[in-house]
Amino acid sequence: MTKEVVLQLIDAHSWQDAMHLTVRPEQQRFVADHSPIAAVGLAKAYVRPGGKVWLPYGIFAGSTMVGFFMLTFPEKGNDDAWLFHFFIDQRYQGRGYGIQSMLKLIEIAPKVHPEGSGLCLVVHPENEAAQRLYERMGFRSTGELKWNE
């Protein structure tokens, strides 16, 4: 039975667990240009590219971190929040954690960025599994190409 997921900000107690999360080698290009993926996210949280807020989240099933994602949005203003680097660790894929995580993420995004008007994401054109998940969760393609995705 799949445990219910909890989304928690990565902190001083969980960042090392995040560094051990991986995807299958053929999935890496869909999630980030570098590995470990969480290192990219944690760097963005510190450096704040684009002057935006970057929040790294761990996806937990019980006390086990099973995935990771980043929410980003402008510090001020009503621009949309964006989802980046969303993935479930290869050891836990296929157990429903992606669906559970997306449902909770859609629920918390407006609370984290109440000034925003929506939640956006990009998906690699060859990542069919992610496209199906996002469509199932209500996301729709705009047809716009952004960052080659």
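The crossing of α4 and α5 is right-handed, a term used when the near helix is turned clockwise from the far one by less than a right angle. The model is predicted, and for that reason local features need pLDDT of at least 70 and side-chain atom pairs count only at pLDDT 80 or more, while totals for chains, interfaces and linings use all residues. Residues are numbered from 1 along each chain as its sequence is written, and side-chain values rest on heavy atoms, with hydrogens and water left out.

Helix α4 covers residues 97-112 and helix α5 covers residues 128-136, and their axes come within 10 Å and cross at roughly 45 degrees. That makes α4 oblique to α5, since angles under 35 degrees count as roughly parallel, over 145 as roughly antiparallel, 65 to 115 as roughly perpendicular and the rest as oblique. On the α4 side the contact (heavy atoms within 4.5 Å) is made by G98, I99 and M102, and on the α5 side by L133, Y134 and R136. These residues divide into 4 nonpolar, 1 polar and 1 charged, where Gly is counted among the polar ones.

Leaving aside residues up to four places away in sequence, M102 touches L83, F86, L133, Y134, M137 and F139.

Strand β4 (residues 81-88) holds H85, whose phi is near 55 degrees, a positive value in a residue other than glycine. H85 is buried, with a relative accessible area of 10%, where buried means under 20%, exposed over 50% and partly exposed in between, for a 1.4 Å probe and protein chains only. R48, in the loop between α3 and β2 (52-61), also has a positive phi, near 60 degrees, but at 31% relative accessibility R48 counts as partly exposed. Finally, the peptide bond from S35 to P36 is cis, with omega near 0 degrees, and P36 lies in the loop between α2 (28-31) and α3 (37-47).

Terms used
Axes fitted to C-alpha atoms, helices over the stretch in contact; angles between N-to-C directions. Helix = DSSP H or I, 4+ residues; strand = E, 2+ residues; numbered from the N terminus.
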